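Thanks for coming. I will go through one structure this morning, and I will say how each term is defined as we reach it.

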Amino acid sequence: MDDERTLRETDVRVRAALMPDEAAARQVVDRALAGDRPPRQRARQLPRFTWALTALALIIVSISAWQWRRAAAATSPASLAVTGRGSIVVVEHQDGRRWVVGPPPERRAGGNYVIVVQK
Amino acid sequence: MLPNRASGFLADVDLDEVARSLAPRLIAYALGRTGCRGTAEDIAQDALTALVRRWRQAGPPESPDAFAFAIAKRRAGRAVLRRALTAPLDVLRGVARDEPGVDRAYEDRADLAMVLTALRRLPRADREALLLRLVGDLAFADIAVLTNTSPAAVKMRISRARRRLAASLPEYFHGRRTHTA
């Protein structure tokens with residue numbers, strides 16, 4: 001019972017705190033019926049300064065990203081040299097390591113063997 | 001000729017009444033969402049302007065309350081987001097000092113500040129449902145449509161939010177009194 005009363009009192013308190021005064025509500029209705037846009041909204045739109053700052057930041061970021069990509073492309077030469085010698089491919093790294101890739105060696109044809117057994 | 005809904009005369013009378021009934025509820029709802037009275041009035045006016053336009057062009061919507069509150073809900077969400085995005089820029093430009101936050105702007109209106117603080121402690125979905133019910137006076141079914149949930153879930157949310165709010169309001173009030181005494 002008390003619980004419900006407390007809840008109702010809270011409801012009343014919240015309503016009382018949030019409800020606007022009559023004049024403000026009337027003003028809003030009159031403007032809406034006249035088809036006006038909220039005046040404060042126009043004033044609160046982002047000013048030129050903010051737009052300019054945002055645009056400048058975007059330009060700086062774009063240029064930085066472009067420069068970084070260019071620099072990265074220029075400073076990273078081909079680290080592997082691939083050369084072909086016949087059916088063998090040789091891959092050489094800048095630090096001197098080398099990999100040779102080729103077909104597996106052909107198996108030798110079987111020979112004839114003579115087994116000598118001592119009597 | 002007697003005026004009827006189609007003639008426009010009666011429709012405008014109805015519109016006037018509906019708008020007058022909606023305005024304070026919309027402002028209160030938006031104030032609860034944004035915490036700023038100026039923004040709340042803008043949101044309410046936006047929602048009412050859209051309702052007026054719709055009413056005059058295509059007749060009254062099925063539920064003018066739900067129509068207006070759907071717009072107010074969207075606008076309030078955008079306003080909160082916009083403020084969160086522009087707050088750092090405003091601080092840089094020193095605008096924040098001219099446009100004080102809720103707590104400072106309503107220092108003299110302690111109850112509003114307390115209510116807003118208590119509302120902010122609620123989970124977003126609970127707060128949304130509670131505001132739509134408590135100050136928006138919307139039906140559970142309308143709130144369910146607006147919040148994409150079922151009426152049963154809305155009832156549960158509102159009940160939970162009311163209990164939490166009731167528990168947190170006096171607690172905060174007590175804390176404030178003992179602090180300032």
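Which residue in the turn between strand 2 of chain A and strand 3 of chain A has a positive phi? That residue is A:Gly96, with a phi of about 105 degrees, and the hairpin has four residues between its strands. Strands here are DSSP runs of E with at least two residues, helices are runs of H or I with at least four, and both are numbered from the N terminus.

Before going on, some housekeeping. This is a predicted model, where local features need pLDDT of at least 70 and side-chain atom pairs count only at pLDDT 80 or more, while totals for chains, interfaces and linings use all residues. Residues are numbered from 1 along each chain as its sequence is written, and chains are lettered from A and ligands numbered from 1 in the order in which they are written.

Back to the strands. Three of them form an open sheet in chain A, in the order 1-2-3, with antiparallel pairing. Two strands pair if DSSP finds at least two bridges between them. Strand 1 and strand 3 of chain A are the edges, each pairing on one side only. Strand 1, residues 80–85, is joined to strand 2, residues 88–93, by six bridges. In that pairing A:Gly84 has A:Val89 as its bridge partner, and A:Thr83 stands opposite A:Val90. The hairpin of these two strands has two residues between them, and A:Gly86 takes a positive phi near 65 degrees. Strand 2 is joined to strand 3, residues 98–101, by four bridges. Here A:Val90 stands opposite A:Val100.

Chain B looks otherwise: nine helices and zero strands. Of its 181 residues, 41% count as buried. Buried means that 20 or more other C-beta atoms, placed from the backbone, lie within 10 Å of the residue's own; exposed means 12 or fewer, and partly exposed is in between. In helix 8 of chain B, residues 140–147, the buried residues are B:Asp142, B:Ile143, B:Ala144 and B:Leu146. Just after that helix, B:Asn148 takes a positive phi of about 55 degrees.

Now the core. In soluble globular proteins, nonpolar side chains tend to be buried together. A nonpolar core is a set of buried Ala, Val, Leu, Ile, Met, Phe, Trp, Tyr and Cys residues joined through C-beta atoms within 7 Å. The largest one has 56 residues, and B:Leu26, B:Ala44, B:Leu48 and B:Ala72 have the most contacts inside it. Its largest share, eleven residues, comes from helix 1 of chain B, residues 9–34.

Last, where do the chains meet? The contact takes 25 residues from chain A and 30 residues from chain B; two residues are in contact if their C-beta atoms, placed from the backbone, lie within 7 Å. On the side of chain A, helix 1 gives the most, with nine residues.

One helix pair deserves a look. Helix 2 of chain A packs against helix 2 of chain B, residues 37–58, at an angle of about 40 degrees, with the axes 8 Å apart. Axes are lines fitted to C-alpha atoms, for helices over the stretch in contact, and angles run from 0 to 180 degrees between N-to-C directions. Among the residues making this contact are A:Val28 and A:Ala32 on one helix, and B:Ala44 and B:Leu48 on the other.
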